[in-house]
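Have a look at the picture, then read on.

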Amino acid sequence: MSVEVRIDQGRIARLLRARGGIAERALRRRTQRVADIAERKAPGSMGDYVSWTIEHGPRGLQGVVTCDHPAVRYVLDGTRPHVIRPRRAKALAFDMGGRRVFAKRVSHPGTSANNFLAEALRDGA
């Protein structure tokens with residue numbers, strides 16, 4: 001008795017790349033895992049702005065994790081020391097030690113970079 005098996009590489013490739021196929025389901029699980037880690041590692045309420053999608057890219061399907069928070073660049077890259085001045089009012093107002101304090105300018109010490117998206121990718125991959 002003889003058995004012949006023919007492998008159609010094009011058909012296998014199409015099966016793997018198909019919407020809802022094996023590769024997409026695995027990519028979807030991994031992308032969601034990375035997004036969940038990024039949500040947990042994000043500072044403050046920034047995790048609420050983390051989302052993910054599966055898209056067709058130039059090399060096939062790709063998982064994309066996004067953070068839409070307005071200050072995300074400052075968190076990822078950090079900031080240098082800088083002076084903060086009021087824009088519309090005559091003074092800045094903030095609470096310090098239970099008292100309301102006013103200042104014409106404040107020297108911000110800057111912040112160190114917190115690339116929580118890259119950390120999430122490293123931890124979830």
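Which element of the protein has the lowest mean pLDDT, and which the highest? Helix 1 (residues 9-17) has the lowest, 75, and strand 3 (residues 82-84) the highest, 96. Here pLDDT is the predictor's confidence in each residue, from 0 to 100, and helices (H or I, at least four residues) and strands (E, at least two) are DSSP runs, numbered from the N terminus. The protein averages 90, with 99% of the residues scoring at least 70.

A word on ground rules. This is a predicted model, where local features need pLDDT of at least 70, side-chain atom pairs count only at pLDDT 80 or more, and totals for chains, interfaces and linings use all residues. Residues are numbered from 1 along each chain as its sequence is written, and side-chain values use heavy atoms, leaving out hydrogens and water.

Now for a pair of helices. The axes (lines fitted to C-alpha atoms, over the stretch in contact) of helix 2 and helix 4 come within 8 Å and cross at roughly 135 degrees, on a scale from 0 to 180 degrees between N-to-C directions. The two are therefore oblique to each other: under 35 degrees counts as roughly parallel, over 145 as roughly antiparallel, 65 to 115 as roughly perpendicular and the rest as oblique. Here's who meets whom, with contact meaning heavy atoms within 4.5 Å:

| Helix | Residues in contact |
|---|---|
| Helix 2 (residues 22-41) | Arg-30, Arg-33, Val-34, Ile-37, Ala-38, Lys-41 |
| Helix 4 (residues 116-124) | Phe-116, Leu-117, Glu-119, Ala-120, Leu-121, Asp-123, Gly-124 |

Finally, strand 4 (residues 92-96) and strand 5 (residues 99-103) pair in the antiparallel sense over five bridges; pairing takes at least two bridges found by DSSP. Phe-94 has Val-101 in strand 5 as its bridge partner.
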